[in-house]
Amino acid sequence: MPTSEMNITKRQLLAGIATVAVAGPLFASSAFAAAELPTADADVDMAEVLKPGALPEQALGPEDAKVTIVEYMSMTCPHCAHFHNTTFDEIKKKYIDTGKVRFIIREFPFDPRAAAAFMLSRCAPNNGYFPMVSMLFKQQEAWAAAPDGREALLQMSKLAGFTQESFEACLTDQKLLDDVNSVRERGAKDFGVNSTPTFIVNGKRYSGDMSVEIMSALIDSLL
């Protein structure tokens with residue numbers, strides 16, 4: 001769909017998080033079945049990918065790492081949750097914490113509830129973006145499928161240090177919502193992202209969840 005039609009307005013955000021999020025067809029992606037090198041969808045100009053965007057990068061690992069991975073994801077995407085709950089921590093220990101990989105998260109929400117979750121992660125106290133993302137993925141069913149998503153997100157946000165006031169201030173920050181939309185629009189328009197998760201690894205684009213074994217094989221082939 002045209003990216004202009006994908007932008008989430010504040011009205012949609014505030015109304016949408018109160019209703020159950022339902023994954024649409026763009027969520028469809030399949031895990032790679034075998035522990036072998038995955039096939040790239042396309043080549044992408046990595047220098048362009050790494051140019052600054054509307055929001056500061058949320059990145060782990062050194063800037064001079066030999067391998068850079070950019071993940072476009074949606075917080076209500078079950079495939080993204082599966083990757084972060086089953087693969088990411090092991091990849092972090094093996095490659096990010098050892099300085100071999102720089103890992104960058106970019107927002108690609110498909111619905112208002114996912115946009116709200118990203119906004120709250122950006123607003124998390126004590127630079128808590130990655131811990132907030134991890135908590136929300138681990139508890140995805142509790143808020144993404146809750147009858148009242150706003151209340152579910154509020155309760156989870158309080159665990160991360162939000163107050164009622166800071167929660168409301170974050171979700172009514174029009175500039176932050178515009179910037180989240182801009183990150184997604186750039187990913188779609190400039191780099192061909194149309195499903196989640198999508199990984200851009202050293203200039204090649206891969207669609208779909210990856211196991212520890214498959215992502216490790218891909219990283220090892222680039223070291």
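**Entry 1: the model**

I began by noting that this is a predicted model. I keep the residue numbers as they run along the chain, from 1.

**Entry 2: the disulfide**

How many disulfides does the structure hold? I found one. Cys123 and Cys170 are its two ends, with 2.2 Å from S to S. The pair ties together distant parts of the chain, 47 residues apart: Cys123 belongs to helix H6 (residues 112-123) and Cys170 to helix H10 (residues 164-171). I also looked up the handedness. The torsion about the S-S bond of Cys123 and Cys170 is about 90 degrees, so this disulfide is right-handed.

Next I checked how each end is placed. Cys123 has 29% relative accessibility and therefore counts as partly exposed. Cys170 counts as buried because its relative accessibility is 2%.

The cut-off I need here is 2.5 Å between the sulfur atoms.

I then traced the strands. Six of them form an open sheet in the order S1-S6-S5-S3-S4-S2, and the pairing is mixed. Strand S1 (42-43) and strand S2 (58-60) are at the edges with a single partner strand each, so one side of each has no neighbour in the sheet.

Helix H11 (residues 174-191) touches S3, S4, S5 and strand S6 (204-207), and its direction makes about 110 degrees with that of S4. Helix H12 (residues 212-220) touches S3, S4, S5 and S6, and its direction makes about 140 degrees with that of S3.

**Entry 3: strand S3**

Which strands pair with S3, and in which sense? S3 and strand S4 (residues 101-107) run parallel and are joined by seven bridges; Thr68 stands opposite Arg102 in S4. With strand S5 (residues 198-201), S3 pairs in the antiparallel sense over four bridges. On that side, Tyr72 stands opposite Thr198 and Glu71 stands opposite Phe199.

How much of S3 is buried? Seven of the seven residues of S3 (residues 67-73) are buried, so the strand is largely enclosed by the rest of the structure. As a reminder to myself, side chains in a regular strand alternate between the two faces of the sheet. Both faces of S3 are covered: one side has Val67, Ile69, Glu71 and Met73, the other has Thr68, Val70 and Tyr72, and all are buried.

Last, I looked up the largest nonpolar core. Nonpolar side chains tend to be buried together in soluble globular proteins. Here the largest core has 64 residues, and Ile69, Met75 and Trp143 touch the most other members. H6 gives the largest share of this core, seven residues.

Setting aside neighbours within four places in sequence, Ile69 is in contact with Val101, Arg102, Phe103, Ile104, Phe199, Ile200, Val201, Met215 and Ile219.

Terms used. This is a predicted model: local features need pLDDT of at least 70, side-chain atom pairs count only at pLDDT 80 or more; totals for chains, interfaces and linings use all residues. Side-chain values use heavy atoms; hydrogens and water are left out. Helices (H or I, at least four residues) and strands (E, at least two) are DSSP runs, numbered from the N terminus. Buried means under 20% relative accessible area, exposed over 50%, partly exposed in between (1.4 Å probe, protein chains only). A nonpolar core is a set of buried Ala, Val, Leu, Ile, Met, Phe, Trp, Tyr and Cys residues joined through side-chain atoms within 4.5 Å. Contact means heavy atoms within 4.5 Å. Two strands pair if DSSP finds at least two bridges between them. Axes are lines fitted to C-alpha atoms, for helices over the stretch in contact, and angles run from 0 to 180 degrees between N-to-C directions.
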